[in-house]
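Please look at the sequence and the model together before reading on. The report below is meant to be followed with both in view.

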Protein chains: 2
Amino acid sequence: MLYLVGLGLHDEKDVTVRGMEAIKGSERVYLEAYTSILGVGKERLDAFYGKDIVVADRDMVEMDSDEILRDADKVDVAFLVVGDPFGATTHADLLLRADALSIPYTVIHNASVMNAVGALGLALYNYGQTVSIPFFTDSWRPDSWLERVRENMRLGLHTLCLLDIKVKEQSEENLARFVIVGRRFHALERDFAGRWAVDREKWDDVSNTVYAVRD
Amino acid sequence: MLYLVGLGLHDEKDVTVRGMEAIKGSERVYLEAYTSILGVGKERLDAFYGKDIVVADRDMVEMDSDEILRDADKVDVAFLVVGDPFGATTHADLLLRADALSIPYTVIHNASVMNAVGALGLALYNYGQTVSIPFFTDSWRPDSWLERVRENMRLGLHTLCLLDIKVKEQSEENLARFVIVGRRFHALERDFAGRWAVDREKWDDVSNTVYAVRD
């Protein structure tokens with residue numbers, strides 16, 4: 001059995017009891033650590049779950065999924081994902097590969113930023129589509145997400161914007177997780193526009209309602 | 001300390017390890033059981049958590065929150081919510097009351113239908129605003145949610161529609177949880193339109209893309 005286990009959002013204790021049982025009973029345990037990161041390192045997870053977890057980077061998950069799925073029709077294998085397995089980044093591809101190999105799988109859900117953002121006080125009903133904002137480089141400054149934000153604003157809806165992270169060059173800025181562009185919050189514009197310095201005119205219609213959150 | 005603990009979506013093992021610890025350490029434990037229900041009854045939770053849980057109906061939570069919060073500045077009290085505490089139904093009111101009484105609180109997140117719906121295969125990025133659909137009566141057939149669905153469809157987005165439940169008159173139909181009005185799925189129209197028999201003309205533009213899910 002392949003278990004796809006959501007770890008939740010903070011540390012080793014945010015796993016569910018069901019998820020913990022699946023991890024403890026698995027012969028191999030992988031941690032997907034390139035789309036998001038927990039507030040604690042692998043060592044804390046190893047100690048708490050009693051396993052030697054393999055940290056799987058993007059290359060391993062995308063290019064070497066056969067190794068992850070090896071013998072999973074005979075033994076239990078757990079693949080751990082920060083947040084929910086079908087949250088901001090879905091791992092549908094791994095499940096499709098498992099299915100093609102006739103490997104049974106179980107998904108164990110957990111909190112994701114997609115629902116936990118409700119704790120900030122804005123009702124989830126008032127959010128429109130979620131957008132992802134990649135890191136800008138000197139030559140690549142995509143701004144198609146601004147149009148999505150504008151669509152939400154026209155309907156009077158907030159936007160949860162998920163920020164790209166750089167796992168291999170960790171810094172506070174490289175690991176900022178999300179911002180909300182809302183219909184009620186005041187601007188922390190400089191902070192946001194500084195990092196995602198999109199075209200001034202396009203930015204102007206939304207810039208008065210940006211609220212930035214770092215966790 | 002008041003702990004607001006999300007129980008997740010299925011049974012007693014979907015609580016997180018952090019949530020389980022909060023429950024076990026609490027002097028009183030309440031279960032909010034009127035906006036959603038778990039797949040198992042209070043007895044299973046009592047046995048697994050080792051507590052005699054008080055089932056709190058809407059009247060108790062809304063009218064008698066003083067009893068729930070009693071002495072929570074001195075002892076630990078846990079308030080359990082199916083899914084995530086800030087998911088489809090928020091319990092912000094209870095936290096505001098706690099705050100007014102200088103009672104500290106901790107929120108322990110969990111999966112909600114708002115993110116777990118990702119398991120059905122449609123990316124969460126492609127959902128627009130979520131809507132709630134109340135039970136219709138002979139004299140009350142609100143259809144303002146159809147306009148929200150239409151707004152999403154114009155943007156090419158799916159809609160997660162949360163269906164009202166009747167906890168006190170349990171039946172399969174009274175406990176159906178949600179449907180998705182999507183841009184790709186085929187209709188299970190009869191089933192849906194039969195229960196929410198909105199005005200035929202208003203319904204027609206969305207009826208060709210309804211997909212109903214019961215859990």
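The paragraphs that follow go from the whole chain to the sheets and then to single residues.

This is a predicted model, in which local features need pLDDT of at least 70 and side-chain atom pairs count only at pLDDT 80 or more, while totals for chains, interfaces and linings use all residues; side-chain values use heavy atoms, with hydrogens and water left out. Residues are numbered from 1 along each chain as its sequence is written, and chains are lettered from A and ligands numbered from 1 in the order in which they are written.

**Chain A as a whole**

Chain A contains nine helices and nine strands, where helices (H or I, at least four residues) and strands (E, at least two) are DSSP runs numbered from the N terminus. Of its 215 residues, 54% are buried, a word that stands for under 20% relative accessible area, with exposed meaning over 50% and partly exposed lying in between (1.4 Å probe, protein chains only). The accessible surface of chain A comes to about 9,800 Å², and 48% of that belongs to carbon and sulfur atoms; such areas come from the Shrake-Rupley method with a 1.4 Å probe, and for residues only the protein chains shown count as cover. Among the contacts in chain A between residues at least 6 apart in sequence, 70% join residues at least 24 apart, contact being defined as heavy atoms within 4.5 Å.

**The sheets**

In chain A, five strands form an open sheet in the order β3-β2-β4-β1-β5, with parallel pairing; two strands pair if DSSP finds at least two bridges between them. Its edge strands are β3 (54-56) and β5 (105-108) of chain A, each of which pairs on one side only. Neighbouring strands of this sheet are turned by 20 degrees against each other on average, direction ignored, and the axes behind such angles are lines fitted to C-alpha atoms, for helices over the stretch in contact, with angles running from 0 to 180 degrees between N-to-C directions. Within the sheet, β1 (residues 2-6) and β4 (residues 77-81) of chain A pair in the parallel sense over five bridges, and Y3(A) has A78(A) as its bridge partner in β4(A). Helix α1 (residues 17-24) of chain A lies across β1, β2 (28-32), β4 and β5 of chain A, and runs at about 140 degrees to β1(A).

Chain B also has five strands in an open sheet, in the order β3-β2-β4-β1-β5 and with parallel pairing. Because β3 (54-56) and β5 (105-108) of chain B each have a single partner strand, one side of each is left without a neighbour in the sheet. Helix α5 (residues 92-100) of chain B lies across β1, β4 and β5 of chain B, at about 165 degrees to β1(B).

The UniProt record, an unreviewed entry, places the feature "binding site" at positions including G87(A) and L163(A); UniProt positions are given in the numbering used here, feature names are shortened, and annotations may be inferred rather than shown by experiment.

| Residue | Relative accessible area |
|---|---|
| H91(A) | 5% |
| G87(A) | 3% |
| L163(A) | 7% |

Which residues does G87(A) contact, leaving aside its neighbours within four places in sequence? They are S112(A), M114(A) and L124(B), and G87(A) itself lies in the loop between β4 and α5 of chain A. L163(A) lies in strand β7 (residues 159-163) of chain A.
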